[in-house]
Amino acid sequence: MIEFENVSLGYGDKVIVREITLEIPDGKTLVILGGSGSGKSTLLKGVLGLLHCFSGRIVVNGAVVDSLTQNELLSYRQRIGMVFQEGALFDSMTVGENVGFWLWEHTDMTDSEIEARVRLLLSFVGLIDAINLYPGELSGGMKRRVAIARAMAPQDPLVMLYDEPTTGLDPFTSKSICDLIRQVQKEFGVSSLVVTHDLQDAFRVGDLFTFVKDGTLVVTGDRDAISKSTDPFVRTFLAI
Amino acid sequence: MLLDLLESIQSFSLMVYHAARYCVTNFRSREVLIQMDRIGVGSVPIVFLASLFAGLDMALQFEVVMAPYGAKALLGKVVATSIVRDMGPVMASLVMSARVTSGIASEVGMMQATSQIEALSVMGVDPVDQIVAPRILSGIVMMPILSVIGDFLGIFGGLVIAFLAAHIPAPLYWSGVREALTLPNMVNGAVKPLVFGFILTSVGCFYGMKAGGGAAMVGRTTTRAVVAAAVWILVANFLISKLLLNLWGNEG
Ligand SMILES: Nc1ncnc2c1ncn2[C@@H]1O[C@H](COP(=O)(O)OP(=O)(O)O)[C@@H](O)[C@H]1O
Ligand SMILES: [Mg+2]
């Protein structure tokens, strides 16, 4: 469960996200839609505790992100499954090492236990054959899959976050990534936040939808509510 | 402007402090070995070539100056002294800054631009721990070794010129070299590469880590890092020379 209560976020003294209030219940996927530069990634940084709220607070499973101590923040982050824009895979590591990195760092599993889990995760995303390849040798879609597998490494994530998981992919690959996100959702049953600017992908993965424009939320609701919205920004978005 | 400088100094010191702490509390042997191989072993050929030609040239120039004074016999001592004290570590480090500092700055800068650094912190690992500490440690360990190789090659280059151009018998050259290998000179020759190895790698990491503005900025960041490393190496060289001269006087 993620709650945004009147949250404002930004960099330095520049306010990017303004007074946002949102609630994502357990097991639900909220899609954040908006043009580039509207503050979508900034919102995710707030959830990750990479930015402090100027005002308001973000509460994840009862914990107020801003009030965590440095150590609590580290262990909190360890339990967030984050899929970065473009994947952000570690170039110098193989696919297997990327997926196993978290386990290697934060558990005392043996090498063979880690390898078994890595293989399991990679077969879940359909990339077991790529285990020894480097990110540079993967296509865009494969990179996103590996990034999703890497984000799933903690067995009990608090939430899953996806930053533009389908941007730059062809429609066919996009659809398969969306299906994968749904599968992950079924597997973990936690709250998920998916950022995208593609409406079709949004409807594929989301239960709830919200539109961001210049750092403020325009409309929030399920597919029905969104479709019925008379807000001109949303109407333009739906018409594209 | 001044405030920016102070801020940079502060964040640089913090980075180094944390890196030093991680080297002790969370030693990453695998990363360190990889970096030692890349920074150290990978640099042997260029240090080899640069030092050889520096030695050849130095002997050539000194011989021209010294011959009229009938001081050719001193050539071995002069060449070896300047190589061990100064030219060896400086030459090797400057060549290394072109290879290692630029390599680190562009690699780390690219990691920054593609969110890999952010991904590390989100996965609960301090980037200074995973990225910076192993590189600085490898620089500090490998640079002295490379420097010794470079010194040897430079002195050997001097011998070639002494023998072929100045017609100094090899034993005479070598006895001059031995005279140059005094304790103060060797300490000088060991401390400098240690410090330079630190500068080479830490400057590369620092610029890479604070690279902002996406992939397009990585090139500019890299250039800045190399220039900064080269300048700091020369400044440090002067300061260490001065310090050790004060310590030991002019002996050696
Ligand atoms: N590290 C940063 N420092 C300062 N401004 C930033 C930083 N990152 C993003 N911004 C600014 O914040 C705004 C929103 O960025 P972002 O949240 O990345 O947008 P989106 O993900 O919706 O494309 C943009 O105007 C961007 O220039
Ligand atoms: Mg973004």
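**Ground rules.** Residues count from 1 along each chain as written, chains are lettered from A and ligands numbered from 1 in written order. Since the model is predicted, local features need pLDDT of at least 70 and side-chain atom pairs 80 or more, while totals for chains, interfaces and linings use all residues; side-chain values use heavy atoms, without hydrogens and water.

**Ligand 1.** I looked up its polar contacts (pairs of N or O atoms within 3.5 Å). A polar side-chain atom of A:Ser41 sits 2.7 Å from a ligand oxygen, and a backbone N or O atom of A:Lys40 is 2.8 Å from a ligand oxygen. A:Tyr11 puts a polar side-chain atom 3.3 Å from a ligand nitrogen. Alone, ligand 1 exposes 560 Å², and the protein buries 61% of that (Shrake-Rupley, 1.4 Å probe).

**Salt bridges.** I take these as a Lys or Arg side-chain nitrogen within 4 Å of an Asp or Glu carboxyl oxygen.

In chain A, A:Arg204 pairs with A:Asp201 at 2.9 Å. For cover I use buried under 20% relative accessible area, exposed over 50%, partly exposed in between (1.4 Å probe, protein chains only). A:Asp201 is buried at 5%, whereas A:Arg204 is partly exposed at 25%.

B:Glu107 is buried at 19%, B:Arg135 is buried at 4%, and B:Arg38 is partly exposed at 39%.

I also noted a salt-bridge network linking A:Glu105, B:Arg28 and B:Asp129.

Note on methods. Polar contact = N/O pair within 3.5 Å; in protein donor to acceptor, adjacent residues only side chain to side chain.
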